[in-house]
Amino acid sequence: MRLEFYENWLNASGLREGTIGLAPLSAVLSFLRGEGDAYNQITAKAGRYAADWTVSTMPPLRRRMLQMLPAALRVRMALRTAGGLVRATYPGSRAIVRLKRGTASVELRGSLFCEVREASVLPLCGFYAAAIARVLEQFALRADARVDECRAAGGRKGCLLVVVVHSGAGAGRPEAA
């Protein structure tokens, strides 16, 4: 409904070329937080798009090799790819991934989405949860990702995501990794 307003701050060619500055992006995120549930829908969709772009811009041979790996190794490599996506989203961001028995904990440091002046009622790092789940999906891995703790919502340690990877055959069973 407010597309024209946001297009003043962001434009498609600038997003594609990576020429949008930090100030306009931070302003748009701040405005979006005032839009209610639209914030979560838009940032989750943006996370899925970022994951698709990340995987599609990988060298074809690397992408194909990753898709051929056994599931346990594919999970690790997909999570490494997702970590690269976090770094590429904002240079000050970093993902620390710990994987144990099909469940990954992803600690986010320096999340652009969680830079707020006042605490938020809801977690704001759903972009990353959606992006990580989509990267795994791109490598034929089904995963559920959720925000467990968010710095913007009062998280003490920062942002923490939990990613549960399910095996293809036994949906609901974590993949042995």
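This is a predicted model: local features need pLDDT of at least 70, side-chain atom pairs count only at pLDDT 80 or more; totals for chains, interfaces and linings use all residues.
In what order do the four strands of the open sheet stand? The order is E1-E2-E4-E3, and the pairing is antiparallel.

Residues are numbered from 1 along each chain as its sequence is written, and side-chain values use heavy atoms, with hydrogens and water left out.

First, the overall layout. The protein has seven helices and four strands. Helices (H or I, at least four residues) and strands (E, at least two) are DSSP runs, numbered from the N terminus. Read from the N terminus, the elements go α-α-α-α-α-α-β-β-α-β-β. Of the 177 residues, 40% are buried. Here buried means under 20% relative accessible area, exposed means over 50%, and partly exposed lies in between, with a 1.4 Å probe and protein chains only. As for contacts (heavy atoms within 4.5 Å), take those between residues at least 6 apart in sequence: 53% of them join residues at least 24 apart.

Back to the sheet. Strands of a sheet pair through backbone hydrogen bonds, either parallel or antiparallel. In this model, two strands count as paired if DSSP finds at least two bridges between them. Strand E1 (94–100) and strand E3 (142–149) are at the edges, and each has a single partner strand, so one side of each has no neighbour in the sheet. From one strand to the next, the twist averages 20 degrees.

E1 and strand E2 (residues 103–109) run antiparallel and are joined by seven bridges. Within this pairing, Leu 99 stands opposite Ala 104 in E2. The loop between E1 and E2 contains Arg 101. Its phi is near 50 degrees, a positive value in a residue other than glycine. Most residues other than glycine have a negative phi, and most peptide bonds are trans. Arg 101 counts as exposed, at 62% relative accessibility.

Ala 140 also has a positive phi, near 60 degrees, and is a residue other than glycine. Ala 140 sits in the loop between H7 and E3, and is exposed with a relative accessible area of 63%.

H6 lies across E1, E2 and strand E4 (159–166), and runs at about 165 degrees to E1. H7 packs on the sheet too, where it touches E2, E3 and E4, and its direction makes about 160 degrees with that of E3. For these angles, axes are lines fitted to C-alpha atoms, for helices over the stretch in contact, and angles run from 0 to 180 degrees between N-to-C directions.

How do helix H5 and helix H6 cross? The axes of H5 (residues 60–68) and H6 (residues 71–89) come within 8 Å and cross at roughly 140 degrees. That makes H5 oblique to H6; angles under 35 degrees count as roughly parallel, over 145 as roughly antiparallel, 65 to 115 as roughly perpendicular, and the rest as oblique. On the H5 side the contact has Arg 62, Leu 66 and Gln 67, which meet Arg 74, Met 77 and Thr 81 in H6. These residues divide into two nonpolar, two polar and two charged. The classes are as follows: Ala, Val, Leu, Ile, Met, Phe, Trp, Tyr, Cys and Pro are nonpolar, Asp, Glu, Lys and Arg are charged, and the others, Gly among them, are polar.

Last, the charged pairs. How many salt bridges does the structure hold? There are five, a salt bridge being a side-chain nitrogen of Lys or Arg within 4 Å of a carboxyl oxygen of Asp or Glu.

One of them joins Asp 52 to Arg 134, with the closest N and O atoms 2.6 Å apart. This pair links distant parts of the chain, since Asp 52 is in helix H4 (residues 37–56) and Arg 134 is in helix H7 (residues 126–138), 82 residues apart. Asp 52 is partly exposed, at 24% relative accessible area.

Another salt bridge is between Glu 107 and Arg 109, at 3.0 Å from N to O. Glu 107 counts as buried at 14% relative accessibility, whereas Arg 109 is partly exposed at 40%.

Asp 148 and Arg 146 form a salt bridge as well, at 3.8 Å from N to O. Asp 148 is partly exposed at 46%, and Arg 146 is partly exposed at 44%. Finally, salt bridges that share partners join Asp 52, Arg 134 and Glu 137 into one network.
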